[in-house]
Amino acid sequence: MKQKIFGVTVAKLTASFGQTIYMVGLSLFFGAILGILLALVLVLCRKGGLKENRIVYGIVSTFVNIVRSVPFVILIVTIMPLTRAIMGTTIGSTAALVPLIFYISPYMARLVENSLLEVSDGIIEAARAMGATTFQTVWNFLLPEALGSIVLALTTGTIGLLGASAMAGYVGGGGIGDLALTYGYQKFNTPLMIFTVVILIIVVQLLQALGNGLSRCLREHN
Amino acid sequence: MIEFSHLNKTFVSRAGKVEALKDVSLTVENGDIYGVIGFSGAGKSTLIRMANLLERPDSGSIKVDGVELTGQTEAQLIPVRRKIGMVFQQFNLLESRTVAQNIEIPMKLAGIASEQRAARVKELLQFVELSDKANTYVSRLSGGQKQRVGIARALALSPSILLCDEATSALDPQTTESILALLKKINRELGVTILLITHQMQVVQRICNKVAVMENGRIVEQGTVLDVFGSPKQEITRSFVRAIIQDEVPQSIQKIVKADGKGGKIEKLKFVGNTVNEPVIAEICQQSGVEVNILCASVQEMQDSVMCVFLLRLLGEESAIAAAEAFIDKTGVLREEVVLK
């Protein structure tokens, strides 16, 4: 693997790809679960919701807003003690997962909250009228009806995550973004920088197309 | 049986207080098709939501089959709600599911085994005449078909009561007719008691046996359909009656009557139920010797009976006209003198 593309080895390139997929994939998985849970809490506890609870709503909503207002680089540094406590280290791709999940969950929560609010009140009323428990309402009515929209929300979240993962280089997380920054920009290797940016553009396009396609499938139920 | 007594409900919002229900009492007997009619904002939506406690009253009592509901928690209400079907104006079906899956949902929630569910779905599809659409996605159906699915879903757990919230308001007249026929079939064949709310006179006229008229959160008139619409006491009730039956002298005829200068009197005769069989008009002529001219006549079927309105012009001596009036009153036909403006 001595062959070089734009001044870096193929091994380095594939490793960077691997790191990005690892970071985005895992934080997407956990971020989506946490985000959907937070969104459900927001939707159920909001005024007029099935489990209206102003205190819980206020706390979760404020927490989401606070985390969302911290720039990602600052967030990485701020929660380092937490990262160390969970992962045992603050350096590397695995350590980067903690701030990434911390960053993306509230973002996902807001996006999914919007998706869930698109489900008409009538559906929820029908669920209540036929004697559905809260869990049944969420599982059989709210989530299935919002699924197409949730997929789009997760797509938007994934693309946000891809951008955030570039900054993971700050804690030695590596990845394509880090490659562009340290090997491209800082070493004045403009072709490499442009190359990685083009790759990112292609990946984002593919992700969006995939998300749109999946969502359309779910909405149109061929 | 549903018994609402002295229900009050006030909604408080930033825009101010809205008294949706004011001392509303109403009893739906088993086997009734009870219609609550009123314009939007009259409080009828709030009322129907009280029957399964989707909306809780501020005060008053709600009994379904003798059981008081108002003190019960959401969890306690679950089995009650499973015995009360509900159909909605906007259908409220799951667009992401097929027809069969939609109908199956209440049974799934109630924990019924899947073979039993499948058999029941088949039965229900046949009942609502949608057997060929079992695996079609709801988003591909027409409005009338969607409402049939909504009705089948509401019947899934064999409820004794069906609530219809403006079930036909989003449908065209022809589809409305077919849905009304289906509701009537449910009432007759399955013995399901129906409480419905509507702003369409056609609905009450076609299928209801009892009616309550609501205005500004109050029930202003209630009783059997023939009683309430046969002799409406409130202006709003009269306006609903006018929607289906011509009971005023048309303008063009008024012009002719005024112009010919023959005088006489104009009487409005209302035949309801049994009185339809009486040969009253023929007898008026024979008994009193007045000349009878029918200006306008209108017949409507209602509650499996009919209501006819005749606008008659009586011509002749004053004493003869008075005799004719006395005769009409004796027959039990409702009479009202009409004075042209």
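Strand 4 and strand 5 of chain B pair in the antiparallel sense, over two bridges. A word on terms: strands are DSSP runs of E, at least two residues, helices are runs of H or I, at least four residues, and both are numbered from the N terminus. Two strands pair if DSSP finds at least two bridges between them. Here, the bridge partner of B:V64 is B:V67, in strand 5 of chain B. The two strands form a hairpin with two residues between them. In that turn, B:D65 has a positive phi of about 50°.

Before I go on, the ground rules. This is a predicted model: local features need pLDDT of at least 70, side-chain atom pairs count only at pLDDT 80 or more, and totals for chains, interfaces and linings use all residues. Residues are numbered from 1 along each chain as its sequence is written, while chains are lettered from A and ligands numbered from 1 in the order in which they are written.

Back to the sheet. Strand 1, residues 2-13 of chain B, is joined to strand 2 by nine bridges. In that pair, B:K9 has B:L21 as its bridge partner. On to strand 4, residues 59-64: strand 1 of chain B pairs with it over five bridges, antiparallel again. There B:E3 stands opposite B:K63.

Next, one residue: B:M50. Where is B:M50 found? In helix 1 of chain B, residues 44-50. Is B:M50 buried or exposed? A residue is buried if 20 or more other C-beta atoms lie within 10 Å of its own, exposed if 12 or fewer, and partly exposed in between, with C-beta atoms placed from the backbone. B:M50 is buried because 22 other C-beta atoms lie within 10 Å. Which residues does B:M50 touch, leaving aside neighbours within four places in sequence? B:F4, B:L7, B:E55, B:P57 and B:I62. Contact means C-beta atoms, placed from the backbone, within 7 Å. By contrast, the C-alpha atoms of B:M50 and B:Q89, 39 residues apart along the chain, are separated by 17 Å.

Now strand 8 of chain B, residues 193-198. Six of its six residues are buried. B:T193, B:L195 and B:I197 point one way from the strand. B:I194, B:L196 and B:T198 point the other way. Strand 8 has parallel partners. Strand 3 (residues 33-37) of chain B pairs with strand 8 over five bridges, and B:G35 has B:L196 as its bridge partner. Strand 7 (residues 161-165) of chain B is also joined to strand 8 by five bridges, running parallel. B:I161 stands opposite B:T193.

Zooming out to the whole chain. Chain B has 12 helices and 14 strands. Its C-alpha atoms fill a box of roughly 80 × 45 × 35 Å, taken along the principal axes. Of its 341 residues, 40% count as buried. Among contacts in chain B between residues at least 6 apart in sequence, 69% join residues at least 24 apart.

Domains next. The bounds come from an automatic or database domain assignment. That assignment gives domain 1 (2-243) and domain 2 (245-338) of chain B. Their centres, taken over C-alpha atoms, are separated by 39 Å. 10 residues of domain 1 are in contact with 11 residues of domain 2. On the domain 1 side, helix 8 (225-230) and helix 9 (235-244) of chain B each give two or more residues. Helix 8 has the largest share, four residues.

Then the contact between chains. Chain B gives 17 residues and chain A gives 18 residues. On the chain B side, the elements giving two or more residues are helix 2 (74-82), strand 6 (84-88) and helix 3 (99-109). The largest share, four residues, comes from helix 2 of chain B.

Last, chain A. Look at helix 7, residues 134-166 of chain A. A straight helix of 33 residues would span 48 Å at 1.5 Å a residue. That expected span is 1.5 Å times one less than the number of residues. Helix 7 of chain A spans only 40 Å between its end C-alpha atoms. There is a kink of about 65° in this helix, centred on A:L147. The bend at a residue is the angle between axes fitted to the seven residues ending there and the seven starting there.

Notes. Contact = placed C-beta atoms within 7 Å.
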